[in-house]
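Let's take a walk through this one together.

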Amino acid sequence: MKENAHREALERSRAMRDTLRDCRLCPRQCGVDRLHGQKGYCGLDATVRWFREMLYGREETPLNPSHQVYFAGCNLRCAFCSVEEWNLQPEAAQPMDRQELLAVIQRRRQQGARTLNLLGGEPAVSVHGILELLAGVDVRTTVVWNSNMYYTEPVAQALVGLADVYLADLKCGDPVCAERLLGATDYIEVVRANILRARQVGDVIVRHVILPGHLDCCLRPTLEWIADQAPDVKVSLWGEYVPPAEAGSAPQGYLGPAEREQALRMAGDLELHLIE
Amino acid sequence: MTMKSYKRRPGDLEIRLLKDGRVVFVSPDQGLVEVARDLEGCRVDPDKERTWDDTQATSTGSPQ
């Protein structure tokens, strides 16, 4: 984190919290009063909730071992979400006790965590609480903003200097797929704009979960956009897609070796900065 | 027994055993990550009696 941003973190937290009385943290623009208990698309009022933390060694190599903290609630409805239960029922997650979580973060750091990895759900819908948390975290901590990047300008501004690495989960490359699989028609334009913005203020890793059967509609345009607009960012192709148990709009199979190789070839042909 | 897929609820953990022998840990917690790590490098050979030799365990740590 940058020292000046770290000093401002509490103030930024208060400012973001104030906006919750007419919440427009994300493009859903719900406009609900979360400070008075109303809940919008993400299912959260002003209480920040988290459901899991762990020291994990299988994120992208430069991040490992990474201390993941999972916040409940999300502004997308991905048909293949692997933590859907926490996003549909965020109130089942425990409210954030700042001191308790700070102690956990400190302990994980002593256990060897190289990065603090904030994810969910979608952390942007809990940004006010996360900023408050970061104000108490050691300024030397490398903070990873592990996000779907589907948020509005004030959130992006609030993160400047606090997020060291933007781990941008760029899911779809086609608006029709984005609507069908994520429930957000404007997903691609919003997320791409936020990635370009993030690239000006931090290190960016674009992660793309390779969806079986979506190489031409989603992977190819995504990689071509990166090559054209952000060729310097690191790219991580995630080949461990897990289909949902229930049939729906999401791909039902696992990624096979042929599609995995094809994806790597596409990225190689575009000379992208691939990382594992 | 019902044919309907079980829908995870908050707090549930899910392990899948695939036909090809892979074990998939869906969004594991710390405990399951440790189990996955212990299983890495292991493989059940159906023709032999519990022989463990190759990598077959995988996990999705970050949600997708």
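This is a predicted model: local features need pLDDT of at least 70, side-chain atom pairs count only at pLDDT 80 or more; totals for chains, interfaces and linings use all residues.

Helices here are DSSP runs of type H or I with at least four residues, numbered from the N terminus.

Is A:Trp86 buried or exposed? It counts as buried, because 28 C-beta neighbours lie inside 10 Å and the cut-off for buried is 20 or more. Leaving out neighbours within four places in sequence, A:Trp86 is in contact with A:Phe51, A:Ala72, A:Ala92, A:Ala93 and A:Gly121, and also with B:Pro10 from the other chain. As for A:Asp138, 52 residues away along the chain, its C-alpha atom is separated from that of A:Trp86 by 28 Å.

That touch of chain B brings us to the contact between the chains. Chain A puts in 24 residues and chain B puts in 19 residues. On chain A's side, strand 1 and helix 2 are the elements that give two or more residues. Strand 1 of chain A has the largest share, with five residues. By type, this side of chain A splits into 15 nonpolar, three polar and six charged residues.

Now for the strands. Strand 2 of chain A (residues 66-71) has six of its six residues buried. In a regular strand, side chains alternate between the two faces of the sheet. Here both faces are covered: A:Ser66, A:Gln68 and A:Tyr70 are buried on one side, and A:His67, A:Val69 and A:Phe71 are buried on the other. Strand 2 pairs with two other strands, as the table shows.

| Partner of strand 2, chain A | Sense | Bridges |
|---|---|---|
| Strand 1 of chain A (residues 49-56) | antiparallel | six bridges |
| Strand 4 of chain A (residues 115-119) | parallel | five bridges |

Finally, the inside. Which residues have the most contacts within the largest nonpolar core? They are A:Leu131, A:Leu134, A:Val143, A:Trp145, A:Ala168 and A:Val206, in a core of 91 residues. Helix 4 of chain A (residues 127-135) gives the most to this core, namely six residues. Setting aside neighbours within four places in sequence, A:Trp145 is in contact with several residues, including A:Leu118, A:Pro123, A:Leu159 and A:Tyr166.

Terms used. Residues are numbered from 1 along each chain as its sequence is written. Chains are lettered from A and ligands numbered from 1 in the order in which they are written. A nonpolar core is a set of buried Ala, Val, Leu, Ile, Met, Phe, Trp, Tyr and Cys residues joined through C-beta atoms within 7 Å. A residue is buried if 20 or more other C-beta atoms lie within 10 Å of its own, exposed if 12 or fewer, and partly exposed in between; C-beta atoms are placed from the backbone. Two residues are in contact if their C-beta atoms, placed from the backbone, lie within 7 Å. Two strands pair if DSSP finds at least two bridges between them. Ala, Val, Leu, Ile, Met, Phe, Trp, Tyr, Cys and Pro count as nonpolar, Asp, Glu, Lys and Arg as charged, and the others, Gly among them, as polar.
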